[in-house]
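The sequence and structure come first, then the notes.

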Amino acid sequence: MNIDEARKLFNEYVTLEKIRLHCKGVESVMRAIALELGEDEEKWAIAGLMHDMDCEAEPDIKNQGRKAVEILKEKTDCPEDICHAILAHNESNLGVKRESKFDYALSAADNISGLIYAYGLIKGTLEGMQVKGLKKKLRDKGFAASVRRDLILDIEKSGLELGRFLEISIKAMQEISDEIGL
Ligand SMILES: [Fe+2]
């Protein structure tokens, strides 16, 4: 499966604008992490794009990820490590543990993109966002309370230092600011 095939399938299954924007954000952050760590950019971008592709087909959070992998296995030659990362991003519900750098990166990207987006919304823009300000929001657990701080901090298990992760994530989200309207 290449990124074009993934995008086509994504467009079939994801119609809600809010989820589309979220997935594009995670795709962009995953691409940036892969570039930083010298990993497969396209593969990591695909995982970012597709990780919530079953949100509409499977509204029950307890099963999300499982349905996505089912669809991916039926319709594509999706590699096993992408499937595992997608399952493990819902570790708390599915019980599939994060094990690889790739797994840790996807769960961290999923949550940092949400935090950056929420922070961007109150600023009205992503322009000029600094790591220092984002770190404050990371510590303020009352802000965007649904964002899993623990999964963001676990980025270091992928070999990437937290500060650098925040820096490249902000930049990755700024690169698609027009698309996400910030
Ligand atoms: Fe997500």
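**Cysteines and the iron site**

Cys 83 has a relative accessibility of 1% and counts as buried (under 20% relative accessible area, with exposed over 50% and partly exposed in between, for a 1.4 Å probe and protein chains only). The model is predicted: local features need pLDDT of at least 70 and side-chain atom pairs count only at pLDDT 80 or more, while totals for chains, interfaces and linings use all residues. Residues are numbered from 1 along each chain as its sequence is written, and side-chain values use heavy atoms, with hydrogens and water left out.

Cysteines

- The count of disulfides is zero, a disulfide being a pair of cysteine sulfur atoms within 2.5 Å.
- The cysteine sulfur closest to that of Cys 23 belongs to Cys 55 and is 6.7 Å away, too far for a bond.
- Cys 83 is in no disulfide, and its nearest cysteine sulfur, in Cys 78, is 3.8 Å away.
- Cys 23 is buried, at 0% relative accessible area.

Iron site

- His 22 (NE2), His 51 (NE2), Asp 52 (OD) and Asp 110 (OD) coordinate the iron ion at 2.1 to 2.2 Å; donors are N, O and S atoms within 2.8 Å of the metal (3.2 Å for Na, K and Ca), and water is not among the atoms, so sites may look incomplete.
- Along the chain, the donors of the iron ion are spaced H-x28-H-D-x57-D.
- Asp 52 sits in the loop between α3 (41-50) and α4 (66-75) and Asp 110 in helix α7 (residues 101-123), so the pair ties together parts 58 residues apart in sequence; helices are DSSP runs (H or I, at least four residues), numbered from the N terminus.
- Asp 52 is buried at 10% relative accessibility, and Asp 110 is buried at 14% relative accessible area.

Terms used. Helices (H or I, at least four residues) and strands (E, at least two) are DSSP runs, numbered from the N terminus.
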